Amino acid sequence: MSDTNRLGLPLLQPAQAQKHVTVNAALARLDGLVELTFLSRSLAMPPAVVVDGACYGVPSGAVNDWAGQDGRIAIGTNGGWDFATPGRGWRAMILDEGAPAIFDGTAWREGMTTLSPHNAGLSLHVAEIDHAVTAGPVSTTAVMIPANAVVIGATARVVAAITGTLASWSLGNPGAAGRYGSGLGKAAGSFARGVLGQPTAFYAPTAMQLDAAGGDFGGGTVRIAVHYMELALPDL
């Protein structure tokens, strides 16, 4: 046996020379895999500069130094890459998606908090955008809520002051104005924290809607985050 079963850490062999090389390689791999954090799992091209300890989930079709390593974990080590194979149940934080994930034996399941033997489960998500407010009485975002999602609430922050003749504004959905808050401020830093008294199911893709009160929008930017749950089907 030359490597450990779970993490693939290299083991010292009897009468081995240069033991420090093996020990350092094991420590470098351990440094990458403990508290596993991916900078990304969507980059097909490895970064030009390798940072020791930086980890990436290698996607399908990766090229150059990652070619042939689809689905594995790339760990920056001594200016190159070490590769580890994740096991079912491993967890990672994906920084560029802002979400944790569980490995189901084949793929990383973003947002999953539970995972049944046949991969059914509950996932928690945050969809976040910076919405440029359009002129007029109503400003509607792109679709933020996917079909068959259960929304817990929504939060928002004015990142560029809202202009126009309005006195305040509200945050909701088409057909449900103000669902997540009303009487909201226009100045940069103003916020909304809309916790729904009862989680609400959305069966069709749905946008968010900003409604002006006492006038019209002129412009501005609002960072909006929708907090929701999804149910994953069991596999065949």
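In which sense do strand 1 and strand 2 pair, and over how many bridges? They pair in the parallel sense, over two bridges. The views below come from a predicted model, in which local features need pLDDT of at least 70, side-chain atom pairs count only at pLDDT 80 or more, and totals for chains, interfaces and linings use all residues. Residues are numbered from 1 along each chain as its sequence is written, and side-chain values use heavy atoms, with hydrogens and water left out.

View 1. Helices (H or I, at least four residues) and strands (E, at least two) are DSSP runs, numbered from the N terminus. Two strands pair if DSSP finds at least two bridges between them. Strand 1 (37-40) pairs with strand 5 (residues 91-94) in the parallel sense, over two bridges. Phe38 has Ile94 of strand 5 as its bridge partner. Ser40 stands opposite Tyr56 in strand 2.

View 2. Helix 1 covers residues 19-33. The expected span is 1.5 Å times one less than the number of residues. Buried means under 20% relative accessible area, exposed over 50%, and partly exposed in between (1.4 Å probe, protein chains only). Thr22, Ala26, Arg29, Gly32 and Leu33 are the buried residues of helix 1. They lie on the same side of the helix because they cover an arc of only 125° around the axis, taken from the directions from the axis to the C-beta atoms. They pack against strand 2 (55-57), strand 3 (73-77) and strand 4 (80-84), with contact meaning heavy atoms within 4.5 Å. Exposed Leu27 and Asp31 sit on the face turned away. Glu35 follows helix 1 and has a positive phi, near 50°.

**View 3. Pro47 in its loop.** Pro47 lies between strand 1 and strand 2. Its relative accessible area is 22%, so Pro47 is partly exposed. Leaving out residues up to four places away in sequence, Pro47 touches Tyr56, Trp66 and Trp81.

View 4. Beyond four places in sequence, the contacts of Leu171 include Ala154, Tyr180, Met208 and Ile224.
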